[in-house]
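Please read them with the structure open.

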Amino acid sequence: MQSPSNSSSPAIEVAGLVKSFGPARAVDGLSLVVQRGESLGFLGPNGAGKTTTIRILSTLAAPTAGRVSVLGLDPARDASDLRGRIGVVPQEIALYDGLTGAENLTFFGRMHGLRGLDLRGRVGRALDQAGLADRAQDRVGTYSGGMKRRLNIVAALLHDPELVFLDEPTVGIDPQSRNHVFELVDRLRARGTTLVYTTHQLGEVERLCDRIVILDRGRTIAEGSLEELRQGIAASGSAVERIHAGKRTAEALELLRAAGIDARVEEERPDLEQVFLTLTGHALRDEGAG
Amino acid sequence: MIRTALIVAVKDLRLFLRDPVALAMSFALPLVLGTVFGAAMTSVMGGDGENVNRVEVDFEDLDGSPESKKLFEELRASAALDVEAKTGTRGRVERGVSPAAILVPAGFGEDVRAGRKPRIVLYRDPAKEIEQQILAGTLVPVLMRAAGPAVAKEMMKRGMESMGFPAGMREMAESMFDSSAKPDESSASKNPFDFRDGGAEALGLHVEDVAGGVNPSRKAAGGAHAIAGIAVMMLLFGLAACGGTILDEDQSGTLQRVRLTPNAGGAVLLGKALFTISVGLVQLVLLFVYGGFVFDVPVFREPVALVVHSIAVAGAAAGFGLLLAVLCRTRKQLEGLSTLLILTMSAMGGSWFPLAIVPEWFQTIGHFTLNAWAMDGYQGMFWYGKDLNGIAVPILVLFGIAAVTGAFAWWGWKRRFERLA
């Protein structure tokens, strides 16, 4: 049901978002903009506020303070309208084990108001996309972890949402299934669907996301493309001390070469994991609100 | 080995003590059920005698003679009976208004005066077994006194002859009768005489079981009660489990996924209610058909009333199940709480034993459970052949319970699953 939108307004606009649970602040003044068609990697250690933020954006929780707009709608006030335009791939396998793959998809399609041939067609295509066409009539309880994960994703896409939240969609699956999930996400990106992708697998974010937001203690601590994050860390001088790009490097290189040593300078670029740990620290985090 | 066993035992004990459901099932449930049964049975079995209900007996005097009036007074004087003069007594017993009635036909006094065996009719409701035992134990000596020892002796002699007792035995019985010329009411009460051995006719007593439709037997009465009682109790268990699917779905994440669809909202709870009521109705139909075939329970005497009452029962049980589901945090909590409540309600509400056998105060408390109203309706239909009007009160109460529990379940649902936390 994706409708071509002429709107140039961002898909998500969040300003000064606060969410408190008693005295604890799960989200503490978060501001965020996600453009339409953008694929955003949403990172943070346990308890950083990711899940709480996604719950607010996807109409499941109300903010304590701040302004939130998703696809031009207020998630708390326009929940019913917004639910028809977003898709949420939950972290857990939210499927009925006692129903077949096709029955699961048909049920969720009907709950989204799809009917008849249109629904049947979408269910068939979704099963194809998930690589489950030949297991469509088997109960989900008999599926492998990877099969369930794939079905879990396509169940959120049946109604062709404009914006999809993917909450750790590849937890506990084998490389083949993970690759299949990547292909599904690539297809969504190619169609211009806006994505918010949460994961602890930083390699996935590097591969799938245009931009990254790193949250810690309910606040944004870094934001930008992977390249921008790397540069930010190098500029701050706080990161990889093994990069020695000082004035005397060239002199040292010449001396080495004069001594008959084949020397060269290689720049060591921090990967996202190094960036993440540098920004959020190495201390263990307990599971928290989000 | 012992050391390892002890380590395992201590670990299990620690887990057990931290599990409130297991604690409740192990300690609270036996105490609650013990209290319910203790209260019921001490009263039924006598206890100090003060709490035993007097058996209500209707008395219809078509003779109006001094002898019939004397019989009435004798019965009224009995500590075990609550005798009142009524008309249309057969119908009253048939409809379950009274457990028994004595009809004195015209000519009773004349028969007594002429030394003939007088004729009395006893209408009984076989479903009320304990009342019949008490009544029989009281009635025999009273009848003998009312008719006079000579007549009583003559009646006994004729009765024994008609039953084919040998002459020696008859003489022995007559001699025993002479040695205790005035039978003692209290001793008779201790050895209840329930008219099963044909002795009633010897006393001139025509016993007629009038409640229970085409099959007014004690066996059928037991079957009718058992089928209705088990149906209601298992319905509660079944529908609490159906309500529990809310918690299963909450835990698996499917409920949240359903909530993320545009028109979910209260429709989800309504869908759960429809599912739960449907399962309940199928469960009832299955058990009633089985009861009809296997135990001869006349379940289909009043089909319209049966359908309406069953919808009311299923609705009330579904509301109860859904309410418990939205109040409990986990499936385990639900299972513990529902078991505790349902077993208690079943014991108090007459699913296990007829409320007719317990004192009035127990019956009153029992009617705070939906089981009691459900049983009133089913027993009214199966046993007393009551139609829709006859069981209107239980039906209305059950629909009321359905509405109240349903409203609270709705409130709990909105608060827990729909409010944006």
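1. In this predicted model, A15(A) stands opposite R67(A), the latter lying in β4(A).

2. Strand β1 of chain A covers residues 12-21 and runs antiparallel to β4(A), with five bridges joining the two. Strands of a sheet pair through backbone hydrogen bonds, in either a parallel or an antiparallel manner.

3. The sheet in chain A is open and has three strands, in the order β2-β1-β4, and the pairing is antiparallel. The edge positions belong to β2 (24-34) and β4 (65-70) of chain A. Each of these has a single partner strand, so one side of each has no neighbour in the sheet. From one strand to the next, the twist averages 25°.

4. Which strands does helix α1 of chain A lie across? This helix, residues 50-57, lies across β1, β2 and β4 of chain A. Its direction is at about 115° to β1(A).

5. Turning to chain B, the model gives 19 helices and five strands. The chain has 421 residues, of which 47% count as buried, meaning under 20% relative accessible area.

6. Among contacts in chain B with a separation of 6 or more, 78% are between residues 24 or more positions apart.

Note on methods:
Residues are numbered from 1 along each chain as its sequence is written. Chains are lettered from A and ligands numbered from 1 in the order in which they are written. This is a predicted model: local features need pLDDT of at least 70, side-chain atom pairs count only at pLDDT 80 or more; totals for chains, interfaces and linings use all residues. Side-chain values use heavy atoms; hydrogens and water are left out. Helices (H or I, at least four residues) and strands (E, at least two) are DSSP runs, numbered from the N terminus. Buried means under 20% relative accessible area, exposed over 50%, partly exposed in between (1.4 Å probe, protein chains only). Contact means heavy atoms within 4.5 Å. Two strands pair if DSSP finds at least two bridges between them. Axes are lines fitted to C-alpha atoms, for helices over the stretch in contact, and angles run from 0 to 180 degrees between N-to-C directions.
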